[in-house]
Structures are given as C-alpha cells and as structure tokens.
Amino acid sequence: MEKQRSIPLSAIPFFMIHAACFLVFLPGIWGTTTTKTIILAIALFVIRKFGITGGYHRYFSHRSYKTSRFFQFVLAWLGGSAAQKGALWWAAHHRHHHKHSDQPEDIHSPARDGIWWSHVGWVLSPQYNVTQYDQIKDMAKFPELRWLNDYHLVPIFVMGGLCYLIDGWAGVVWGTFVSTVVLYHTTFAINSFCHILGRKRFPTTDDSKNSLILALVTLGEGWHNNHHFFQGSVNQGFYWWQIDITYYMLRALSWVGLVWDLKKPPQRVLALGRQKNITDAMVERFTAASDKLGKTLAKGPEAVTAIGDMVMRPTSPDPTA
Ligand SMILES: [Zn+2]
Ligand SMILES: [Zn+2]
C-alpha cells in the first residue's frame, strides 16, 4: 500500500503537546515548579513507560507472561495514559511489524522509508488510524479492552486532572506535557533508531540492533535485536549485564502474584548470542591487526625487512648459542 507522507491536520494536537512544553518558562509555572513537580513528572514517566513496555509491548503484543483480567485492564489503562492510542491498536500494529520487519510491507522501516517516517510520520498518518483487529483477535475478545481502545483518550485526561489536583498547573505542564513528549520520543526511537544504531548480536533477517543507551531510556527495550530474534521472551536483556528495568519490574510483580508464567529465552538462544559475541571479537581483532600490518608495509622496504626479522627471531633466547 502506498504511504501517504503529507502531514495531516489531525496531527495538530501532537505538535501542540510539544509546543505546550514551553509553558514551563512562563513565570507562573516556573515559579511554582518544585522538587515535588519534578518527582511527579519522573514518576509518571516511569509508570506510564512501564504501561507501554511491560503492558502494550511485552503483554498485549507478545503475551510473554500471564496475568489476571483485572490487571491486564490496569496495564491497558497505564499504557493508554501515555497517549499512544489504545492497547489493541498499538499491539496489532506491532505484531504486523514483527511479521514484516524491514520488508516492503513493514509500516515503519527506517531503511525503506527514512528516519522521520519510521519515528513519527506513520503514527501521524490517518492511513494507520484503524485498529487491525485481525492481528489481535486473542485480546479483542475482551469488551473492556475494546472500549478502552475506542476511548483511548480517557486515561490521559484523567491523569491530567490528577496532575492538577496534586500539583496545580505546574503539575499539568511537567507531568502531562513534558513527561508525555519524552515518552513519545523514547518509544518511537525503538522503531527508528533501534533499526539503525547499535550492534547486531543475533542473525535476524531485519536491521534490528541492540543499544545500551536506548535500553536505559526505554526501561530495557533497547535490546531490540535480542527481541527480534526471540520475541516471546519476557526479558529483552538476555544477559545479566544487559540492563532491562521492565523485566525487573515484572519480576517484582511476579513475587506478589500479579503476573506469572514469565517466558524466558532457551539456553540454545543464550549460547548462540555468546558465540556471536566471540566471533565478533575475533573479527575485530583480525581487522585491527590487518590495519596495523597495512600501515607498517606502507612505510617501505625497511619496514618489510624489520617484520621479516621479527617473524624469524626466536621467541626465547637459544640456550645452545
Ligand atoms: Zn523492530
Ligand atoms: Zn516486539
């Protein structure tokens, strides 16, 4: 399907939320911004980001763990308060991405459609407003989830009201506008930059990459190449040093019984990832050694003689000499 790349009028609210962030410089807002305001904004970032990463992504899109009908609604509500449309809309498009990653059918491939389109252009396009219910039949059978998907703006307005009650207009500007814009771009960066920047640990057929920096700002979603290779895993950081805050939060929720049956990657996948790492290291060393040899040879015949002497020289003194 041909992509409609012009920016429609329906995108105006999205740009207005960005513009509203500058309200922090108004004396009435700046003057009433306190430590409480900043803590509120950070807390709302973390809680709502978890709604996206732990809810929209790892639960609704991939079913990588189990939970109750009540708590899945809580997750859908939390994700909804991040203003990234409904859980069913989000998860259906994401499943489609995994089926066609970086292929012509992929809706947001930076290699095919550029960074702007993969980052945000496709989200603003009215072409993709409709929920692809055929991709998400398992979750669409719950009427409360369908309702929240249709009225996905309800959680963000409720949250805006709570921000006002907790910390006045400063709470609204920081907690709703600034925090939401940061949420947008950290989430979108997985679709754009995680298919461009970073390292490829696993041999996937797409351009997905692993990035520690993106993993830190997205509570663990930056291990995107791991995720594309084994998408059913609840943890996207496969090794102890791959920081994955969403997974730690889900582990904590499992201890109190709110979630269970967390699916982990099998040993063969973990072993393959380690092996790839070793191969990469060997290739890097060989390339560095070749570069060094090339530079030495470029210096001229004396350098070649020096290398010859070096190669022929015994590694330890000859005791019989
Ligand atoms: Zn991807
Ligand atoms: Zn995914």
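**Entry 1: helix α5**

I began with helix α5 of this predicted model, and listed its buried residues, which are A87, L88, W89, W90, A91, A92, H93, H94 and H97. I then asked which helices these residues pack against, and found α3 (35–61), α4, α8 (137–140) and α9. I also checked the length of the helix: α5 covers residues 87–99, and at 1.5 Å a residue its 13 residues should span 18 Å, which agrees with the 18 Å that separates its end C-alpha atoms.

**Entry 2: the whole chain**

I next looked up the overall figures, and noted 15 helices and 2 strands in the protein. Of its 321 residues, 37% are buried. When I took the contacts between residues at least 6 apart in sequence, 66% of them turned out to join residues at least 24 apart.

For confidence, I noted an average pLDDT of 90, with 86% of the residues scoring at least 70. Residues 307–321 have a pLDDT below 50, and beyond near neighbours in sequence this stretch has 1 contact in the model.

**Entry 3: α4 against α9**

I turned to two of the helices that receive the buried residues of α5, namely α4 and α9. Helix α4 (residues 69–80) and helix α9 (residues 143–150) pack with their axes 10 Å apart and at an angle of about 5 degrees. Because angles under 35 degrees count as roughly parallel, α4 is roughly parallel to α9. On the α4 side I found F73, A76, W77 and G80 making the contact, and on the α9 side E144, L145 and L148. Sorted by class, this contact of α4 with α9 has 5 nonpolar, 1 polar and 1 charged residues.

**Entry 4: α3 against α13**

At what angle do α3 and α13 pack? I read about 80 degrees between α3 and helix α13 (residues 245–255), with the axes 10 Å apart, and the two helices are therefore roughly perpendicular to each other. The contact is formed by F50, T53, G54 and R58 from α3, together with T246, M249 and L250 from α13. By class, the residues of this contact of α3 with α13 divide into 3 nonpolar, 3 polar and 1 charged.

With 19 other C-beta atoms within 10 Å, S125 is partly exposed, and 20 or more would have been needed for it to count as buried. Leaving aside residues up to four places away in sequence, S125 touches K3 and Q4. I also noted that the C-alpha atoms of S125 and P8 are separated by 6.9 Å, although the two residues lie 117 residues apart along the chain.

From D134 to A92 the distance is 8.0 Å, C-alpha to C-alpha, while the two are 42 residues apart in sequence; A92 is one of the buried residues of α5.

A83 has a positive phi, near 60 degrees, and sits in the loop between α4 and α5. D261, which is not a glycine, has a positive phi of about 50 degrees, and its place is in the loop between β2 (259–260) and α14 (267–298).

I compared their surroundings as well: A83 counts as buried, with 22 C-beta neighbours inside 10 Å, whereas D261 counts as exposed, with 11 C-beta neighbours inside 10 Å.

**Entry 5: H227**

Last, I looked up H227, which is found in helix α12 (residues 224–229). H227 is buried, with 28 other C-beta atoms within 10 Å. How far is H227 from H98 in space, C-alpha to C-alpha? I found 9.9 Å, for two residues that are 129 residues apart in sequence.

Conventions:
Residues numbered from 1 in each chain as written. Chains lettered and ligands numbered in written order. Predicted model: local features only at pLDDT ≥ 70, side-chain atom pairs only at ≥ 80, totals over all residues. Axes fitted to C-alpha atoms, helices over the stretch in contact; angles between N-to-C directions. Helix = DSSP H or I, 4+ residues; strand = E, 2+ residues; numbered from the N terminus. Parallel < 35°, antiparallel > 145°, perpendicular 65-115°, else oblique. Contact = placed C-beta atoms within 7 Å. Nonpolar A, V, L, I, M, F, W, Y, C, P; charged D, E, K, R; others polar. Expected span 1.5 Å × (residues − 1). Buried ≥ 20, exposed ≤ 12 C-beta atoms within 10 Å, placed from the backbone. pLDDT = per-residue confidence, 0-100.
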